[in-house]
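Q: I'm new to this one and would like to learn how to read it. Could you walk me through it, feature by feature?

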Amino acid sequence: MERNMKGRGKIEIKKIENTTNRQVTFCKRRNGLLKKAYELSVLCDAEVALVIFSSRGRLYEYANNSVKGTIERYKKASSDHSNTRTISQTNSQYYEQEASKLHQQITNLQNSNRNLMGEALSTMNLRDLKQLETRLEKGISKIRSKKNELLYNEIEYMQKKEMELQNDNMYLRNKIAENERVQQHQMNMLPSTRNDCEVMPPFDSRSFLQVNLLPSNRQPIP
């Protein structure tokens, strides 16, 4: 192994004879290749499919759409490369791809919603569960903050409404009192309605002669 001036090792590209070293290198290079494929698909919005078989025949794959769908697209593109495809066929393929992407996004959102509801957790590992727990805690914190904000606004509104009602009540009381004072003043200004004629004295039986009424069936005295 040769080393350059910067200290980085320059590896000769040939089969690694040591089984352990070969396995370690395979794992590192495989992970790096999968990471690059993912970055390429996200950054450039490219359809990427990667298939790797280890020396022991183990399969590793990555696809932002689906490996099968990308292979079918490759086969069709290869077979139709020499043929001129019509615009309708091109549009149809484009719409099929977009529909497939949307379907995958919907599936991911549905799975995410089920996880947020505490369902379909059996397929999640510890790391995924911790991330889900963090998302839920952040979501609950935001919900509580918004709820408290609405409650404070409602309390402030009710207090303001109470103050307005108290002011209206005080205004009405003052208005009623003022009207009563005006009415009392108007009544005091009215002329007296007493009769100026002499008031009859009270009845006195001594001022009258007592008259005995005779029964109608008695005969007069001769």
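This is a predicted model: local features need pLDDT of at least 70, side-chain atom pairs count only at pLDDT 80 or more; totals for chains, interfaces and linings use all residues.

Q: What span does helix 4 reach, and what span is expected?

A: The expected span takes 1.5 Å a residue. Helix 4 covers residues 126-189, 64 residues in all, and reaches 94 Å from its first C-alpha to its last, close to the expected 94 Å.

Q: How many salt bridges does the structure hold?

A: For a salt bridge, look for a side-chain nitrogen of Lys or Arg within 4 Å of a carboxyl oxygen of Asp or Glu. The structure holds 1: Arg-73 pairs with Glu-47, and their closest N and O atoms are 2.3 Å apart. The pair links distant parts of the chain, 26 residues apart, with Arg-73 in helix 2 and Glu-47 in the loop between helix 1 and strand 3.

Q: What about disulfides: how many does the count come to?

A: A disulfide is a covalent bond between the sulfur atoms of two cysteines. Here the count comes to 0. As for accessibility, Cys-27 is partly exposed at 26%, while Cys-44 is exposed at 52%.

Q: Which residues make the nonpolar surface patch?

A: Val-51, Phe-53 and Leu-59 make a patch of about 290 Å². Val-51 sits in strand 3, residues 49-53, and is partly exposed at 40%.

Technical notes. Residues are numbered from 1 along each chain as its sequence is written. Side-chain values use heavy atoms; hydrogens and water are left out. Patches are made of residues with over 30% relative accessible area and no salt bridge: like charges are joined within 9 Å, nonpolar side chains (Val, Leu, Ile, Met, Phe, Trp, Tyr) within 5 Å. Accessible areas come from the Shrake-Rupley method with a 1.4 Å probe; for residues, only the protein chains shown count as cover. Helices (H or I, at least four residues) and strands (E, at least two) are DSSP runs, numbered from the N terminus. Buried means under 20% relative accessible area, exposed over 50%, partly exposed in between (1.4 Å probe, protein chains only). The expected span of a helix is 1.5 Å times one less than its number of residues. A disulfide is a pair of cysteine sulfur atoms within 2.5 Å.
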